[in-house]
Amino acid sequence: MGFVGFVEGPLFYIAAAIFALAAAWRVFGLIRMGRKPDISPPKGSATAGFIKGNLRHFLPRGMFARRTWIHIVGGYAFHLGLFVLFFFGAFHIDFIKQYLGISWTPLPRWGFILASEIAFAGLIVLWVRRFSDPVMRLISDRDDHIGTWLTFLVMLTGCLALQQSHEVLRGIHMLFVDIWLIYFPFSRLMHAFTFVLSRGHTGATYGRKGMNP
Amino acid sequence: MQNTLLTSARTSVGKLGTGLALLLVLLMLFGATETYAQSVRAPGNAVNLDDGIEDGPSNALGDDSQSDFWRNFRGGDPNDIKQMLEARPEGAVLTTTGQHWRELRENYIRKYAGWFPLGVIALLLLYHLIKGKMRIKGGFSGKTLPRFNINQRVSHWFMASVFTILGVTGLIILLGRPLIAPYLGKEVNSVLTSASMQGHNLFGPLFIVALVWMFIKFVRGNFFQWVDLKWIFKLGGFFGGHVSSSQFNFGEKSWFWLVILVGIVMSGTGILLLFPWLVDDLRWLQLSTILHAGGAILLISVLFGHIYVGTAGMEGSIDSMLKGEVDENWAKEHHDLWYEEVTGKSATEEEGTS
């Protein structure tokens, strides 16, 4: 078995299994923790607060918007770009079809390139802000940088293989995908799943007290 | 008698000759003898297609001369730069500028381009070995001044990141064949070049975004002033002596405008290379590759100087781009006019003495 066969075969299955099991374990763990019983009479709906908390945090509070516009633009550019390039890239849809048997209409090549550029621009902005802003630098640790760089390398190696001229380039991309999948559940990359619970918890707590989350 | 006849005959022949000559001149003047105006006489065994071969092609050259025909056929004079910039002549079938472009690229650019950045690195190393790091004379004061806000810092590092990716991938594309293939093999070079080409094409448009962002954030304060002349005459203080400067010194301003102006050329030529169907003349693309490579080598070479002064070469410089603040003593020493402008204090007087 060659390098490409290994990273697309056994290593990928192992990485995908670790990703799925460990991420599910962490999410269930958070749900099982629940929250402390609140004996005070509710003044509002916790469920509505959960939903509101999730939705309202998509937009920054007025006083933060001006100061952190780079972060907001960078954050949205990266996450939306990544979503589009991952779920609507023709290669990714082929890959998903190969393993799950489902597929949908992919973006044309120019759309994929545009989404990639937006995602890269956003990710670079987020990372350089992390070390050039004193506060961000203070609250960032090794995990933040490793997560950012792994994601960057997964995206970069994928784009470098776009010409499909050499199998080894796809193999390198898959190697980084495998590493990323293994690293994901044990890092802050888990925020892709936990942000709903985190925002929801805050929202539900405030909502029950009759406050805007 | 004989003499009279001979003289008469001579006179008649002379008049006839003169008359024929005049007729010939007249015919030439009216253009009736155009075919005789060709400078090349056909060889004795040449076949005139108009004579005897009724079905063959006739007048194949039209009204053009041989040299005009071939010049037009190949698309103009490859040594004439003005013709390179003009549209392809009407009816041109091929261009020979490609051969000249290839020779220029292979024999000069690929051969010597790598030496420029290496030369700059060597000079910087030599300077560092002789002069060492430029220390802040009074040491760190512990008091800082804000120099660049977060938007400026992020735009700077965004440009730095994109430029690094473009620089590395671009150098592989340009110099892979002479530098990578002989040592690591053609297969490795092929893989790296294919990957680099995709990366370069992908990040190219981001360079334009970074360039515009940088321009907006840094243009203020980067216009040249009279005080910059002193900086030039004192060689920026790199060989001793104090040099006054405002927020940006002459070196920084030159670097800024070099990035912006060469960056515009790089963006324009890059767009043409990325979307070659925008032009219908191949020579635009040939010219673009030359300008693109030349601009890149220039920027990469000067970039090393910028990196050196911003990090190992000058104490306290990196803080301006990492923290956004600089030490007051650093500001007094390297940007005294700016220090006086933002603090309202004299840069030469000690604290508490004024």
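Residues are numbered from 1 along each chain as its sequence is written, while chains are lettered from A and ligands numbered from 1 in the order in which they are written. In this predicted model local features need pLDDT of at least 70, side-chain atom pairs count only at pLDDT 80 or more, and totals for chains, interfaces and linings use all residues; side-chain values use heavy atoms, with hydrogens and water left out.

**Chain B as a whole**

- Chain B contains 13 helices and two strands (DSSP runs, H or I of at least four residues for helices and E of at least two for strands, numbered from the N terminus).
- Of the 354 residues in chain B, 36% are buried (under 20% relative accessible area; exposed is over 50% and partly exposed lies in between, with a 1.4 Å probe and protein chains only).
- Among contacts in chain B with a separation of 6 or more, 71% join residues 24 or more positions apart (a contact means heavy atoms within 4.5 Å).

**Helix α9 of chain A**

- Helix α9(A), residues 142–160, has 19 residues and spans 26 Å from its first C-alpha to its last, close to the expected 27 Å (1.5 Å times one less than its number of residues).
- Because 14 of its 19 residues are buried, α9(A) is largely enclosed by the rest of the structure.

**Aromatic pairs**

- Over all chains, the structure holds 33 aromatic pairs (rings of Phe, Tyr and Trp, the last by its six-membered ring, with centres within 6.5 Å; planes under 30 degrees apart are stacked, over 60 edge-to-face and the rest tilted).
- One of them is the tilted pair of Tyr108(B) and Tyr112(B), at 6.5 Å centre to centre and 45 degrees between the planes.
- Both tyrosines, Tyr108(B) and Tyr112(B), belong to helix α4 (residues 97–112) of chain B and are four residues apart, about one turn of the helix.
- Tyr108(B) is exposed at 52% relative accessibility, and Tyr112(B) is partly exposed at 43%.
- Phe158(B) and Trp213(B) also form a tilted pair, because their ring centres are 5.7 Å apart and their planes meet at 55 degrees.
- Phe158(B) is in helix α6 (residues 150–184) of chain B and Trp213(B) in helix α7 (residues 186–218) of chain B, so the pair ties together parts 55 residues apart in sequence.
- Both Phe158(B) and Trp213(B) are buried.
- A cluster linked by ring pairs includes Phe120(A), Trp149(A), Trp157(B) and Phe203(B).
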